[in-house]
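Trainee: Please walk me through this one. I'd like to start with the aromatic residues.

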Amino acid sequence: MNGSWFTPQPFLRAFARPKHMTVLLENPLPVILAGIVVVAILGVVLIQTGRGVVLGVMGGVVLLVAALVGLEWLVETERERVEAAIDAGCAALEANDPEAVLACLAPQAEITENTVRWAMQRVEIVRVKVTHLEIGQINELTSPPSVKVHLSARIEFHDRQGEVPYQHYPLELDLTLRRYDGRWLVAGHTWKDDPRGHR
């Protein structure tokens, strides 16, 4: 494997963090529940045996659970970074700041950029409430790394041209995000109900 065509880095990145560790960092609740169950069982054993060593084991379990929960607070996973990128885009929309929204887009997202410019010229956004966010499996083997996201939101707005009688819109989007220099940016979208007839 001495040829310059072989680059092992994407494969190493794909397996750099075990999947079960990622799940733990994203949701420590199973660890907390498991810790409570183990401590409860050890409490019963302590009452029945009266052995001090059991009390020491209970203390060790509590310290381990506390350490794992603390790790979850300290470590930001890639999925959390993706969610933060979505939150930043929604905040920019609510601020009616086109430049801030465009800063959330990848360099090659021309179609998405055109959609953003059209929408923000047409309406003044009052509120963006995300009702459902589904983040797919992050693909470290693409260049740059990518992830698919399904987003459901309720948009409150004012039509700048006064032609739309309603002020609420249920938005359904499928997004593709790519990671550039550690930052997740929207590289493309599918909007099935685009009023312009585009997707």
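Trainee: Tyr169 and Trp191, buried or exposed?
Mentor: Tyr169 and Trp191 are both buried. Buried means under 20% relative accessible area, exposed means over 50%, and partly exposed lies in between, with a 1.4 Å probe and protein chains only.

Trainee: What am I looking at, by the way?
Mentor: This is a predicted model, in which local features need a pLDDT of at least 70 and side-chain atom pairs count only at pLDDT 80 or more, while totals for chains, interfaces and linings use all residues. Residues are numbered from 1 along each chain as its sequence is written, and side-chain values use heavy atoms, leaving out hydrogens and water.

Trainee: Back to the rings. How many aromatic pairs are there?
Mentor: The count is two aromatic pairs. Rings of Phe, Tyr and Trp (the six-membered ring for Trp) pair if their centres lie within 6.5 Å; planes under 30 degrees apart are stacked, over 60 edge-to-face, and the rest tilted. In one of them, Trp118 and Trp191 have ring centres 6.5 Å apart and planes at 55 degrees, so that pair is tilted.

Trainee: Where do Trp118 and Trp191 sit in the chain?
Mentor: Trp118 is in helix H7 and Trp191 in the segment after E4, 73 residues apart, so to speak a link between distant parts of the chain. Helices (H or I, at least four residues) and strands (E, at least two) are DSSP runs numbered from the N terminus. Trp118 is partly exposed at 28% relative accessibility, whereas Trp191 is buried at 9%.

Trainee: What about Tyr169 and Trp191?
Mentor: Tyr169 and Trp191 make an edge-to-face pair, 6.1 Å centre to centre with 80 degrees between the planes. Tyr169 belongs to strand E3 and lies 22 residues from Trp191.

Trainee: New topic. How many helices and strands in the chain?
Mentor: Seven helices and four strands. From the N terminus on, the elements run α-α-α-α-α-α-α-β-β-β-β. The chain has 199 residues, of which 33% count as buried.

Trainee: Which residues touch the most other members of the largest nonpolar core?
Mentor: Val82, Val147, Val149, Ile155, Leu175, Leu177 and Trp184, out of 30 residues in that core. A nonpolar core is a set of buried Ala, Val, Leu, Ile, Met, Phe, Trp, Tyr and Cys residues joined through side-chain atoms within 4.5 Å. Elements supplying at least two residues each include helix H5 (78–94), helix H7 (110–122) and strand E3 (168–180). The largest share, six residues, comes from E2.

Trainee: And what is Trp184 in contact with?
Mentor: Beyond neighbours within four places in sequence, the contacts of Trp184 include Glu78, Arg81, Val82, Ile138, Pro145 and Leu177. Contact means heavy atoms within 4.5 Å. There is also a second, separate core of seven residues, with Val31, Leu42, Met58 and Val61 among them.

Trainee: Which residues of H3 are buried?
Mentor: Val31, Gly35, Leu42 and Gly43. Seen down the H3 axis, these buried residues fall within an arc of 115 degrees, so they line one face of the helix. The arc is taken over the directions from the helix axis to the C-beta atoms. The face of H3 turned away from the buried side carries the exposed residues Ile36, Ile41, Ile47 and Gln48.

Trainee: What length does H3 reach?
Mentor: H3 covers residues 29–49, which is 21 residues, and reaches 30 Å from its first C-alpha to its last, close to the 30 Å expected at 1.5 Å a residue. The expected span is 1.5 Å times one less than the number of residues. Gly50 follows H3 and has a positive phi, near 70 degrees.

Trainee: Which residues of H7 are buried?
Mentor: The buried residues of H7 are Thr112, Thr115, Val116, Met120 and Arg122. They cover an arc of only 160 degrees, which puts them on the same side of H7. H5, H6, E1, E2 and E4 are among what covers the buried residues of H7.

Trainee: Last one. What is the mean pLDDT of the chain?
Mentor: The mean is 81, and 81% of the residues reach 70 or more; pLDDT is the predictor's confidence in each residue, from 0 to 100. Over residues 1–25 the pLDDT is below 50, and this stretch has 21 contacts in the model beyond near neighbours in sequence. Where pLDDT is low, the predicted coordinates should not be read in detail.
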